[in-house]
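Good morning, and thank you for coming.

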Amino acid sequence: MTENKKPLLVIEGGSGSGKTTAIKGIREYLQDWKFFREPGGTDYGELLRTAVQETHGIEIDPMAAFLTYSASRANLINTRVIPILEGLREGKGVLLDRYWFSSYAYQSSEKVDKAIIVAVSKIATKGLMPDLVLHYDLAPELAMVRKMNCDDKDRYDMKELAFHSRVRDAYLELSVKYPDFWRVIDVSQSIPKVLDDSLVTLKEFGLI
Ligand code: TMP
C-alpha cells in the first residue's frame, strides 16, 4: 500500500481504561476529522457489532468472534477509511476507536493464534497501518474496580482478572513490536493529565 495522504490515529485500551472519556477530549482538537468505532462504523458493521457484542449468554467461538470483528473491520476500512485517507472522501484524517490490535489483545487472550490474527487482519485491512496509536494502559485490577460501577458491561467485561491481564500483556507486546507509532498513556493519572499527555503526543506526531 502507498503512503496515506491523510493521517490515521488509533485509540486502544482495555476495559475501564477511560478510553471513551479521552476520545471525547481529543475530538475537540481534531476538527473536520472523521471518527469511527470498532466493531461498527458502517451500517453493516453496526449490525455485526450487535451480533457479536450485545449477546449475553450465547456461545460464540473465539475464532468466530475474531472473524466477525474482521468482517466489520474490512467493511469499514475498505468503504470508509481508505477512501478518506487517499483523499477520495471528505475528512482531514481518521480517528479510529479500536483497530485490529484489539483482536490481537482480546481474541489471542481467548486462544486464537496470534499469527493467524496478524495474517487475517492484514488481508482484511489491505495492510493499512496507523500513523499513531494512543494506548490507554491501566492495571486490570484498577480497571475492574472502575468498571464495577458501570452498567454498560459487555461479555468481555464479565471475564476474570487473568483474562484482562492477558489482554494487557498482549497490548504491551505490541508497544514493543511497533515503537515507531505506538505510545502508551498511563491512565492511572487524573483525567486532565491523561488528556494533556495525549495532546502532547498528538503534537509530537504533528497531528494537531
Ligand atoms: P468498546 O466499544 O467499549 O471499546 O467495546 C468493544 C468491545 O469489543 C471490547 O470488549 C473489546 C471487544 N473487541 C474485541 O474483542 N476484538 C476486537 O477486534 C474489537 C474491535 C473489539
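Helices (H or I, at least four residues) and strands (E, at least two) are DSSP runs here, numbered from the N terminus. The model is predicted, so local features need pLDDT of at least 70 and side-chain atom pairs count only at pLDDT 80 or more, while totals for chains, interfaces and linings use all residues. Residues are numbered from 1 along each chain as its sequence is written, and side-chain values use heavy atoms, with hydrogens and water left out.

A residue is near a molecule if one of its heavy atoms lies within 4 Å of it. The shell around the ligand holds 14 residues, and the closest are Arg49, Arg73, Arg98, Ser103 and Asp154. Helix H4 (100-106) gives the largest share of this shell, 3 residues. Helix H2 (43-53) and helix H3 (62-85) also give two or more residues each.

What is the division of the shell by class? There are 4 nonpolar, 4 polar and 6 charged residues. In this scheme, Ala, Val, Leu, Ile, Met, Phe, Trp, Tyr, Cys and Pro count as nonpolar, Asp, Glu, Lys and Arg as charged, and the others, Gly among them, as polar.

The side chain of arginine 49 places an N or O atom 2.8 Å from a ligand oxygen. For aspartate 154, a polar side-chain atom is likewise 2.8 Å from an oxygen atom of the ligand. For glutamine 53, the corresponding distance is 3.0 Å. Taken alone, the ligand exposes 480 Å², and the protein buries 90% of that; these areas come from the Shrake-Rupley method with a 1.4 Å probe.

Grid points are joined across faces, edges and corners, and a volume is the space filled by probe spheres set on the points.

Where does the ligand sit? The ligand takes the space of the largest pocket, by the criterion that more than half of its atoms lie within 2 Å of the grid points. This pocket has a volume of about 920 Å³. Of its 36 lining residues, the closest to the centre are Lys19, Thr20, Arg49, Arg98 and Asp154. H1 contributes the largest share of the lining, 6 residues. By class, the lining comprises 8 nonpolar, 12 polar and 16 charged residues.

The second largest pocket has a volume of about 180 Å³. Its lining includes Ser17, Gly18, Arg146 and Leu195, and both H1 and helix H8 (191-204) supply at least two residues.

How many cavities of 30 Å³ or more does a search of the whole structure find? The search finds 1. The largest cavity has a volume of about 150 Å³, and 16 residues line it, with Gly14, Ser15, Leu138, Ala143 and His164 closest to its centre. Strand E4 (132-137), helix H6 (140-148) and helix H7 (161-177) each provide at least two lining residues.

Finally, the backbone. Most residues other than glycine have a negative phi, and most peptide bonds are trans. The peptide bond from glutamate 38 to proline 39 is cis, with omega near -15°, and proline 39 lies in the loop between E2 and H2. Arginine 98, although not a glycine, has a positive phi of about 85°. Arginine 98 is located in the loop between strand E3 (94-97) and H4.

Methods. Polar contact = N/O pair within 3.5 Å; in protein donor to acceptor, adjacent residues only side chain to side chain. 1 Å grid on protein atoms, 1.4 Å probe; cavity = no way out; pocket = protein on both sides within 12 Å on 5 of 7 lines; lining within 4 Å.
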